[in-house]
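Work through the two exercises below with the sequence and the model side by side, and try each task before you read its solution.

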Amino acid sequence: MIKITFPDQSVKEFEKGVTPLAIAESISPRLAKDVLVAEVDDEAWDLTRPIDKDANLKLFKWDDPEGKHAFWHSSAHLLAEALQELYPGVKFGIGPAIENGFYYDIDPGEHQITSADFPKIEAKMLELAQRKEEIKRADISKADALKMFGDRGEEYKCELISELEDGHITTYTQGDFTDLCRGPHLPDTSAIKAVKITSLAGAYWRGDEKRNQLVRVYGITFPKKKMLDEYLALLEEAKKRDHRKLGKEMELFAFSQNVGAGLPLWLPKGAALRDRLEQFLRKIQKQYGYLQVITPHIGNKALYVTSGHYAKYGKDSFQPIHTPEEGEEYLLKPMNCPHHCEIFKAAPRSYRELPLRLAEFGTVYRYEQSGELHGLTRVRGFTQDDAHIYCAPDQIKEEFLKVMDIILYIFKALKFDNFEAQISLRDPNNKDKYIGSDENWHLAENAIIEACAEKGLNARKELGEAAFYGPKLDFMVKDAIGRRWQLGTIQVDYNLPERFQLEYTGADNQKHRPVMIHRAPFGSMERFVAVLLEHTAGKFPLWLAPEQAVILPISEKYNDYAYEVAKQLQAADIRVEVDDRNEKIGKKIRDNELKRIPYMLIVGEKEAENGEVSVRKQGEGDKGSKKIATFAAELTEEVNKMINQ
RNA sequence: GCCGCAAUAGCUCAGUCGGUAGAGCAUUUCAUUCGUAACGAAAAGGUCGUGGGUUCGAGUCCCACUCGCGGCUCCA
């Protein structure tokens with residue numbers, strides 16, 4: 001008999017060689033039906049794999065990430081099995097589970113696979129799944145594995161095997177398909193009830209662009225048909241929220257072939273929106289003691305040589321601008337920090353001036369690879385809501401707390417309730433990779449950890465994720481449909497103060513080197529607007545909306561009154577338009593609902609007589625009539641509540 | 001940058017086998033003057049991304065480029 005310990009620390013005895021599936025059956029038939037995969041003493045474990053010794057056991061279902069992972073991993077094998085039947089002779093690369101589904105990289109040989117083949121592949125997968133094929137694990141020696149896959153011409157698999165340690169190689173087989181795999185897998189294929197092949201893409205073998213390009217087939221599967229439908233509906237929703245589509249529809253920004261790829265043009269409404277965001281941030285920053293500066297869009301190449309960026313990124317960025325002067329070279333500004341360092345150096349600095357907080361909405365240009373450009377989230381020219389804080393090492397924590405205040409305030413005003421924080425720390429086993437003294441790193445890392453603790457922020461710590469010049473704290477927001485976006489960032493930097501030889505005179509009348517903190521609560525105006533669009537599906541909070549209200553006269557007879565109302569509201573700083581088209585009121589309401597304008601004010605005979613407007617809220621409907629001044633006051637109140645919580 | 005896919009009216013899209021381009025919405029005009037999600041009629045709107053090639057003839061087939069999309073790689 002062996003002792004099995006469950007997560008709640010209860011212990012039960014079982015026959016030696018019992019399987020997790022049998023244990024689940026002993027608990028309840030329902031659990032046995034739902035369980036997908038297990039973990040035995042922290043090792044992922046197939047449900048049908050015997051347990052030979054006392055162990056800790058965890059059972060995972062669909063709702064557990066481990067359960068989904070095994071489900072999709074087995075689905076990847078199912079996909080491979082289907083492809084093997086449909087396209088004899090294809091060679092297999094790797095086929096892992098990913099965040100949403102799985103993929104398999106294949107070398108199709110002479111076969112051509114296109115999206116038109118998806119239904120065929122899906123049907124074959126379902127057919128195989130319904131055969132309830134057992135997925136069998138087997139240990140295999142390295143020599144046998146090489147022979148087995150070698151005989152089949154599986155050159156990619158052989159390459160993988162040749163790098164594995166003998167004695168730790170396993171295969172999984174279902175039906176006629178055997179794959180090199182560590183597992184774990186589902187007991188059989190029958191749990192896979194719904195299949196969708198989602199896309200096709202090229203991917204280099206082992207991510208190396210010098211190697212063969214394979215075809216990557218992406219798919220997703222579910223244990224219930226209904227779940228697939230829900231997932232597809234979610235994808236549809238995501239498509240509707242795509243900021244590229246909304247940006248065009250709402251006339252916020254555009255791109256032009258003639259201007260160039262990745263260079264956004266801000267249309268009047270988008271520019272006004274961006275300006276509101278800037279004003280919002282300027283106001284808070286002023287309260288927090290930031291000093292606004294302005295620096296040029298280009299800088300002498302020497303500046304970036306000093307900062308070290310030229311050596312690292314020079315050849316991959318926009319190429320130098322040459323002047324009539326022999327040998328003189330300027331670069332488009334790829335970041336604001338070197339400029340700000342020069343501002344720090346523009347005068348001798350005293351410890352009394354610290355922390356010195358220099359802020360700039362600085363437009364920078366980076367030559368992103370053409371394939372990487374994406375709407376407003378990845379562009380070649382963008383404006384950072386940048387600031388650099390120069391402070392003494394013992395001020396880091398205090399400054400961190402203040403920056404976090406600003407970021408949390410912004411998230412609150414914009415209803416990003418669902419966010420995560422990540423602290424990126426140094427890899428303790430590889431300290432040579434980093435610049436700066438042990439003592440300073442220690443100080444900065446602790447400052448960040450303590451600051452998060454003080455704010456009650458449950459931040460994830462990631463070792464080895466820090467930049468070479470310092471640790472950082474990143475904020476990830478989840479949008480309304482659960483996608484994760486990186487926005488605000490705070491980074492400690494020991495490198496630039498060193499390179500620019502920044503100094504201040506301390507209380508001890510000695511020269512000291514300041515620490516620099518980079519921070520950008522929005523990240524960039526472009527990305528922030530994109531995320532805001534996708535988060536809100538274009539329904540901006542009232543204080544940001546391009547138009548806060550639109551006045552809809554019942555007929556042209558009331559256009560004059562509508563313009564009178566508009567004048568009064570505009571005088572109260574409300575952004576309002578008049579829809580004076582010669583259309584029926586139903587049509588105007590529909591059109592303006594679709595334009596996502598927060599308030600519609602309907603005016604006709606009754607309203608004109610009483611000096612009122614009939615208020616209709618977007619998405620909610622009729623709210624009744626009120627005096628013009630009452631509406632104006634209520635709207636202003638609503639806006640103030642949002643930005644001055 | 002690499003692989004794959006696409007580019008047709010302002011927008012969304014159709015266009016069969018190669019035979020000179022079509023719908024809905026938007027726009028303009030006319031009619032209507034309307035009470036909380038689409039009234040009606042008509043007109044206008046296109047060098048089919050750009051350049052080359054094949055062909056008697058190219059939106060359609062081929063090549064290159066540009067831009068876009070999905071990935072890969074990269075990301076200060």
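**Exercise 1.** How do the residues of the surface near RNA strand B divide into nonpolar, polar and charged?

*Solution.* The model is a predicted one, in which local features need pLDDT of at least 70 and side-chain atom pairs count only at pLDDT 80 or more, while totals for chains, interfaces and linings use all residues. Residues are numbered from 1 along each chain as its sequence is written, chains are lettered from A in the order in which they are written, and side-chain values use heavy atoms, with hydrogens and water left out.

Step 1: begin with the surroundings of RNA strand B, where 46 residues are found (a residue is near if one of its heavy atoms lies within 4 Å).

Step 2: sort these residues, which gives 12 nonpolar, 15 polar and 19 charged (Asp, Glu, Lys and Arg count as charged; Ala, Val, Leu, Ile, Met, Phe, Trp, Tyr, Cys and Pro as nonpolar; the others, Gly among them, as polar).

**Exercise 2.** Find which element gives the most residues to the surface near RNA strand B.

*Solution.* Step 1: list elements that each supply at least two residues, among them β12 (194-204), α8 (243-249) and α18 (585-594) (helices are DSSP runs of H or I with at least four residues, strands runs of E with at least two).

Step 1: pick out α18, which gives the most, with 6 residues.
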